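Me: Hi! I have a new structure open and would like to chat through it. Could you help me find my way around?

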Amino acid sequence: MSIFGIFVLRKKNKNRYNMTNDLYNVCEVQLSYRPHFKAQERPQISTSKVAHQFLLNTWDLSLINYLEQAKLVLLNRNNRVLGLFDLSKGGASQTVLDITVILTVALKSAASSIIVAHNHPSGNLQPSSADINITKRLDEACKLIGICLHDHLVISEDGYLSLAEENYF
């Protein structure tokens, strides 16, 4: 088979080959989506305050003041939670927000929108320049594929900062 899967050579005998056009054998992608829940029964996130409370209820509070962690909230069109994904666990002053991983998870879960969150163990809720930069890049990437980035929250045990409400993106 060629690199592009267009032609297949089949050996008929020692010295003769028959070229068969393989263009009509198209691979097929099968899609299925079978959630194990009813969307109406899932939490609905309508504000950054509700998002912060939801995240605090699912965060490992024994690490919130020790290590930076990042999480991804996956939402349907009605802002009902489809799931929560642990993106990364870093050190005392940084963690990774990988745009490819975020979008892969969002697409595979059929999310219409997402909320990204990470904590600052120091308790300082002001976003770093790296936080702002990755949020802008993620927002641009989300727009390209039709997923809405609702917010990026910087959280602590005692509060949060919404990058959307502060007009960082």
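This is a predicted model: local features need pLDDT of at least 70, side-chain atom pairs count only at pLDDT 80 or more; totals for chains, interfaces and linings use all residues.

Me: How do strand 6 and strand 7 run, and how many bridges join them?
Reply: Strand 6 and strand 7 (residues 160-162) run antiparallel, and three bridges join them. Two strands count as paired if DSSP finds at least two bridges between them. Strands (E, at least two residues) and helices (H or I, at least four) are DSSP runs, numbered from the N terminus.

Me: OK, back to the pair. How many residues sit between strand 6 and strand 7 in their hairpin?
Reply: Four residues lie between the two strands of that hairpin. Across the pair, V154 stands opposite L161 in strand 7.

Me: What does V154 in strand 6 stand opposite to in the other pairing?
Reply: That is H118. Strand 5 and strand 6 run parallel, with seven bridges joining them.

Me: Which helix goes with strand 5 and strand 6?
Reply: Helix 3 (residues 129-145) does, and the three make a right-handed β-α-β unit. Right-handed means that, with the strands pointing away from the viewer, the path from the first strand over the helix to the second runs clockwise.

Me: Is strand 6 mostly covered or mostly open?
Reply: Strand 6 (residues 148-155) is mostly covered, as six of its eight residues are buried. Buried means under 20% relative accessible area, exposed means over 50%, and partly exposed is in between (1.4 Å probe, protein chains only).

Me: New topic: what is going on with the phi of N79?
Reply: N79 has a positive phi of about 60° although it is not a glycine. Most residues other than glycine have a negative phi. N79 is in the loop between strand 3 and strand 4, and with a relative accessible area of 22% this residue is partly exposed.

Me: How are strand 3 and strand 4 joined?
Reply: Strand 3 (residues 69-75) and strand 4 (residues 81-89) run antiparallel, joined by seven bridges. L75 has V81 as its bridge partner in strand 4, and the hairpin has five residues between the strands.

Me: Where does A110 lie?
Reply: A110 lies in the loop between helix 2 (99-108) and strand 5 (113-119). A110 also has a positive phi of about 60° without being a glycine, and it is partly exposed at 44% relative accessibility.

Notes
Residues are numbered from 1 along each chain as its sequence is written. Side-chain values use heavy atoms; hydrogens and water are left out.
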